[in-house]
Amino acid sequence: MRVALFQPDIAQNVGSVLRTAACLDCPVDIILPCGFPFSVKALRRSGMDYIDKVNYQTHASWQHFLATTGSNRLVLMTSKCSGSAVTAQFTSNDILLFGRESAGAPAYVHDVAALRLRLPMRPDVRSLNLAVSVAMALTLAYTQLNLFEPLT
């Protein structure tokens, strides 16, 4: 299981995602460009002391990222679909992909996702915070796959 962030806009959200990923031993892919000056210094500031405990990789472009996915299934978490993350069947080879905070994922990202899932939320609100969305999706997937077991 991996998390991928497509061109994230907010450094603090990336830091929160990296902190969550460090705690859950979940690798993270960051697909550039970001909406903030991306640097290890910025990540250290937003990820605090957890940055050395997380396995993360940056990708210069969407194409570069796609070239590294291998046989992993891309699962796009989006509010623009009817598939439910609550009832979905996750696999340990899934890459949970999240779009930009400002615009979500563009059509070409939707087009290559093997599965598009929506997190539970009220229908009259637009979206959840990126870091919260990652934590919710990982909790659903980890619980279903019993991936919390080795961490307790």
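1. Phe 148 is placed in the segment after helix H5 (130-145). The model is a predicted one, in which local features need pLDDT of at least 70, side-chain atom pairs count only at pLDDT 80 or more, and totals for chains, interfaces and linings use all residues. Residues are numbered from 1 along each chain as its sequence is written, and side-chain values use heavy atoms, with hydrogens and water left out. Helices (H or I, at least four residues) and strands (E, at least two) are DSSP runs, numbered from the N terminus.

2. Phe 148 counts as partly exposed because its relative accessibility is 27%; buried means under 20% relative accessible area, exposed over 50%, and partly exposed in between (1.4 Å probe, protein chains only). Residues up to four places away in sequence aside, Phe 148 touches Leu 24, Thr 139, Tyr 142 and Thr 143, a contact being heavy atoms within 4.5 Å. Between Phe 148 and Asp 25 there are 9.9 Å, C-alpha to C-alpha, and 123 residues in sequence.

3. Asp 52 belongs to the loop between helix H2 (40-47) and strand S3 (56-59). With a relative accessible area of 59%, Asp 52 is exposed.

4. His 110 is part of helix H4 (residues 107-112). Its relative accessibility is 13%, so His 110 counts as buried. Leaving out residues up to four places away in sequence, His 110 touches Leu 76, Thr 78, Lys 80, Ala 105 and Arg 116.

5. The largest pocket has a volume of about 460 Å³. Of the 26 residues lining the largest pocket, Ser 79, Arg 100, Gly 104, Ser 127 and Leu 128 are the closest to its centre. On a 1 Å grid over the protein atoms alone, a pocket is an open set of points where a 1.4 Å probe fits, with protein on both sides within 12 Å along at least five of seven lines, and lining residues have an atom within 4 Å of a point. Grid points are joined across faces, edges and corners, and the volume is the space filled by probe spheres set on the points.

6. Strand S4 (73-77) and H5 each contribute at least two residues to the lining of the largest pocket. What is the make-up of the lining of the largest pocket by class? There are 11 nonpolar, 10 polar and five charged residues. Here Ala, Val, Leu, Ile, Met, Phe, Trp, Tyr, Cys and Pro count as nonpolar, Asp, Glu, Lys and Arg as charged, and the others, Gly among them, as polar.

7. Four salt bridges are found in a search of the whole structure, each defined as a side-chain nitrogen of Lys or Arg within 4 Å of a carboxyl oxygen of Asp or Glu. One of them joins Asp 9 and Arg 100, with the closest N and O atoms 2.3 Å apart. This pair links distant parts of the chain, 91 residues apart: Asp 9 is in the loop between strand S1 (2-6) and helix H1 (11-24), and Arg 100 in the loop between strand S5 (94-98) and H4. Asp 9 is buried at 16% relative accessible area, whereas Arg 100 is partly exposed at 25%.

8. Asp 94 and Arg 73 form a salt bridge with closest N and O atoms 2.8 Å apart. Asp 94 lies in strand S5 and Arg 73 in strand S4, so the pair ties together parts 21 residues apart in sequence. Asp 94 counts as buried at 0% relative accessibility, and Arg 73 as partly exposed at 25%. In the salt bridge of Asp 124 with Arg 122, the closest N and O atoms are 2.6 Å apart; Asp 124 and Arg 122 are both exposed.

9. Six aromatic pairs are found in the whole structure. Rings of Phe, Tyr and Trp (its six-membered ring) pair if their centres lie within 6.5 Å; planes under 30 degrees apart count as stacked, over 60 as edge-to-face and the rest as tilted. The pair of Phe 6 and Trp 62 is edge-to-face, because the ring centres are 5.7 Å apart and the planes at 80°. Phe 6 is buried, with a relative accessible area of 2%, and Trp 62 counts as buried at 5% relative accessibility. Phe 6, Trp 62, Phe 65 and Tyr 108 form one aromatic cluster.
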